[in-house]
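Open the model in your viewer and keep the selection panel at hand. We will go from the whole chain to a single side chain.

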Amino acid sequence: MESGSAVGKPNTLPAGHLSRHSLATQTEGHSFPRDYALERQKSKMPYVLISTQIRLETGPTMVGDEYSDPAIMNYLGARKTTILGNNFSEYHVDDPPRLVLDKLEKIGYRVVNMTGVGQTLVWCLHKEAV
């Protein structure tokens, strides 16, 4: 299942989705929520994968791996977990994917593609270098 965009053109989420978070800073055309670490504006992490199980569309959402940018994970309110038997860690939030996508859009990420893999939904997001 593809996202329906033309080849080579990324999909973007509709603009104007604001939540309860107040916006404090305008920088290079982006509004950054107050709790986002401004020193991380030029993230070393241009791609983010998020995923959820189809039967759990309301959360939790997997938002990163053990190498993910801690400032972004903190902004999302993610907790780092290691499932018994795995030799790696993942970051999870209780929010549904739609809320996670809204939060990431506010800090400059755009959906590049979305797919289903078995019983898992996966979104790939990218942030342009500023």
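Contact here means heavy atoms within 4.5 Å. Keep that cut-off in mind for the stops below.

**Stop 1: confidence.** This is a predicted model, so colour it by pLDDT, the predictor's confidence in each residue. The chain averages 75, with 65% of its residues at 70 or more. Now select residues 1-30. Their pLDDT is below 50, and the model gives this stretch 47 contacts beyond near neighbours in sequence. Select residues 36-43 too. Here pLDDT also stays under 50, with 19 contacts beyond four places in sequence.

**Stop 2: the fold.** Switch to cartoon. Trace them along the sequence: the order is β-β-β-β-α-β-β-α-β-β. Of the contacts with a separation of 6 or more, 61% join residues 24 or more positions apart.

**Stop 3: surface.** Of the 130 residues, 39% are buried.

**Stop 4: the core.** Select Ile50, Val63, Leu76, Leu104 and Leu125. Within the largest nonpolar core, which has 21 residues, these touch the most other members. Next, highlight S3 (47-53), H1 (70-76), S6 (90-93), H2 (97-106), S7 (109-117) and S8 (120-127). Each supplies at least two core residues. H1 gives the largest share, 4 residues.

**Stop 5: one residue.** Which residues does valine 63 touch, leaving out those up to four places away in sequence? Zoom in and select Val48, Leu49, Ile50, Met73, Leu76, Ala78, Tyr91, His92, Val93 and Val100.

Note on methods
Residues are numbered from 1 along each chain as its sequence is written. This is a predicted model: local features need pLDDT of at least 70, side-chain atom pairs count only at pLDDT 80 or more; totals for chains, interfaces and linings use all residues. Side-chain values use heavy atoms; hydrogens and water are left out. pLDDT is the predictor's confidence in each residue, from 0 to 100. Buried means under 20% relative accessible area, exposed over 50%, partly exposed in between (1.4 Å probe, protein chains only). A nonpolar core is a set of buried Ala, Val, Leu, Ile, Met, Phe, Trp, Tyr and Cys residues joined through side-chain atoms within 4.5 Å.
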